[in-house]
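Reader: I would like to learn how to read this complex. Please take me through it feature by feature.

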There are 2 protein chains.
Amino acid sequence: MTKPEEAPDNTSLHFRVADILRDKITYGELAPRMRLTERVLCEELNVSRTPLREALKTLASEGLVELLQNRGAMVTAMTLADTAQTFEVLSVLEGLSGELACARADEAAVAGLRQLHEAMGACYRAGDREGYFELNQTIHARLFLLAGNPVLLATHDKLNLRLRRARYFANVSQSRWDSAMAEHEQIMAALEARNGKRLRLLLEEHIRNKCDSVIAALLSSGAIRAIGSSAAPLPAPKRREAAGRSR
Amino acid sequence: MTKPEEAPDNTSLHFRVADILRDKITYGELAPRMRLTERVLCEELNVSRTPLREALKTLASEGLVELLQNRGAMVTAMTLADTAQTFEVLSVLEGLSGELACARADEAAVAGLRQLHEAMGACYRAGDREGYFELNQTIHARLFLLAGNPVLLATHDKLNLRLRRARYFANVSQSRWDSAMAEHEQIMAALEARNGKRLRLLLEEHIRNKCDSVIAALLSSGAIRAIGSSAAPLPAPKRREAAGRSR
DNA sequence: TATTTCATGGTTGTCTCCAATATATTCTGA
DNA sequence: TCAGAATATATTGGAGACAACCATGAAATA
């Protein structure tokens with residue numbers, strides 16, 4: 001009865017399946033290190049094996065699942081090391097986006113960002129975490145758009161996807177929120193001053209700080225293993241009584 | 001029944017098929033904008049549709065082919081804009097690899113790089129383009145390894161894959177070769193001095209210069225369309241709306 | 001000439017086989 | 001009792017047939 005999200009887009013099925021699985025992984029419905037068996041997913045999503053397998057291949061090349069030889073797929077483990085390393089790469093991408101945006105954005109675009117920034121400041125002062133988070137995402141995404149480099153955008157999006165999981169589990173502290181807001185003030189100022197080099201450094205530092213805070217939050221919440229050790233046992237195979245399998 | 005490449009690796013077939021197609025795209029056997037029909041490829045590679053389709057999905061998410069709605073796959077066009085944008089991203093990744101390697105590589109590794117560098121210098125003085133190219137690749141790859149960030153390495157490799165095509169078609173000028181060698185001298189010096197910031201800047205500049213020379217070579221050889229214009233049979237499909245936020 | 005209709009080839013999705021492999025279970029011998 | 005071998009079972013990998021759908025271009029019509 002559960003069609004794949006009831007989305008009769010003209011997009012192909014394997015694409016929609018990949019989308020659904022991406023979300024399930026991001027929001028923890030498919031937990032890290034969980035084994036994905038084709039038959040179960042097929043029944044759950046109500047699709048046949050072919051598009052499902054194609055979707056899994058896509059997700060594998062995106063780094064969201066790992067393909068095991070003759071053992072199917074497993075949701076990629078979210079290790080501390082991996083998170084930190086992804087942030088490390090992300091920081092230079094973010095820096096580049098700032099520098100390029102500085103050089104390429106027109107005045108109207110900068111003014112638009114200022115507006116978003118002010119709105120975000122209002123959320124901050126009102127203690128509206130939800131709204132702040134949303135606008136924060138929008139601002140960073142807008143910078144990547146203004147950078148005018150689709151390759152940069154795509155690269156960032158793909159890496160960011162893997163961090164969405166971590167960000168979803170992490171709840172940043174109040175003190176980090178304070179300093180993040182302050183950093184955004186400086187970021188806006190650098191952009192308006194068209195100081196590309198400075199904006200780049202600010203953004204890199206901003207992401208590094210965000211990395212630290214996310215990792216701290218993950219560690220304290222216990223949502224992540226401190227070290228990427230694979231001491232995690234695979235989920236015990238659920239006892240399945242094959243009804244009436246005559247032989 | 002002949003296997004595709006008589007390579008009975010323990011890797012799955014879709015993986016090997018993706019590898020083969022990657023190479024064919026890199027070396028122009030499958031030209032940019034060429035339509036890929038499943039039936040033809042199946043016969044050519046002597047595989048069935050299942051692994052082929054899975055491989056195509058993988059290549060699509062790597063940006064080497066584009067999937068068209070109900071019209072199969074097409075080798076991604078190699079436009080000037082795309083090449084320049086990819087180099088733009090690559091330069092900051094390369095810079096990051098240098099900075100990290102500076103901080104994390106031990107003395108033995110640096111000495112090893114010095115050896116490679118000297119060997120490359122010998123090739124340069126001997127006019128051995130082939131050997132130079134090979135060692136140059138090795139040195140840059142080694143830097144990424146020493147950076148100790150697998151995410152960075154994977155991201156770089158994926159982007160670099162798309163440029164291998166351009167590099168293959170481009171033949172750099174002698175003057176560019178001269179300055180590239182000089183830049184490598186500085187790069188080695190900065191690494192040995194453990195000057196991470198400087199190494200980062202040098203590498204970024206190095207890649208920017210390489211970009212300019214590759215593009216110049218491509219333009220003069222006529223192997224690439226000057227502008228990403230689609231005077232080609234198919235309509236340009238990738239156009240992201242600027243302001244509209246959704247997703 | 002412009003528009004509509006229609007035939008065709010290719011892709012997409014589903015299904016059914018079968019082989020190869022990994023995992024679980026039972027059996028055997030010390 | 002327990003380790004290791006042998007067997008059984010489940011799952012993935014791959015091949016191929018089939019139907020449905022879509023894009024495209026040619027033919028027919030106004």
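**Reading the contacts**

Author: Start with one atom pair: in the side chain of A:Arg53, an N or O atom is 3.3 Å from a base nitrogen of DNA strand D. This is a predicted model, in which local features need pLDDT of at least 70, side-chain atom pairs count only at pLDDT 80 or more, and totals for chains, interfaces and linings use all residues. Residues are numbered from 1 along each chain as its sequence is written, chains are lettered from A and ligands numbered from 1 in the order in which they are written, and side-chain values use heavy atoms, with hydrogens and water left out.

Reader: What is a polar contact?

Author: A polar contact is a pair of N or O atoms within 3.5 Å; within protein, one must be able to donate a hydrogen and the other to accept it, and residues adjacent in sequence count only if both atoms are side-chain atoms. On DNA strand D, a phosphate oxygen is 2.5 Å from an N or O atom in the side chain of B:Arg71. A sugar or linking oxygen of DNA strand D lies 3.5 Å from a polar side-chain atom of B:Asn70.

Reader: Which residues come nearest to DNA strand D?

Author: A residue is near a strand if one of its heavy atoms lies within 4 Å of it. Around DNA strand D there are 21 residues, of which A:Glu38, B:Leu13, B:Ser48, B:Asn70 and B:Arg71 come nearest. Of the atoms of DNA strand D that come within 4 Å of the protein, sugar and phosphate account for 79%.

Reader: Which element gives the largest share of the surface near DNA strand D?

Author: Helices are DSSP runs (H or I, at least four residues), numbered from the N terminus. Here α3(B) gives the largest share, three residues.

Reader: Now DNA strand C. Which base contact does B:Arg49 make?

Author: A base oxygen of DNA strand C lies 3.0 Å from a polar side-chain atom of B:Arg49. Two or more residues of the surface near DNA strand C come from each of α1 (13-26) and α3 (49-61) of chain A, and from each of α2 (38-45) and α3 (49-61) of chain B. The backbone takes part too: a polar backbone atom of B:Leu36 is 3.3 Å from a phosphate oxygen of DNA strand C.

Reader: How do the chains meet?

Author: Contact means heavy atoms within 4.5 Å. By that rule, 38 residues of chain A are in contact with 36 residues of chain B. Buried area is the accessible area (1.4 Å probe) that two parts lose on being put together, summed over both. Chain A and chain B bury about 3,100 Å² between them, with 55% of it on carbon and sulfur atoms.

Reader: How many salt bridges are there between chain A and chain B?

Author: A salt bridge is a side-chain nitrogen of Lys or Arg within 4 Å of a carboxyl oxygen of Asp or Glu. Between chain A and chain B the count is eight. One of them joins the side chains of A:Arg200 and B:Glu204 (2.5 Å, N to O). On the side of chain A that touches chain B, α4(A) gives the most, with ten residues.

Reader: Is A:Asn149 buried or exposed?

Author: Buried means under 20% relative accessible area, exposed over 50%, partly exposed in between (1.4 Å probe, protein chains only). A:Asn149 is buried, at 1%. A polar atom of its side chain lies 3.2 Å from the backbone oxygen of B:Gln85.
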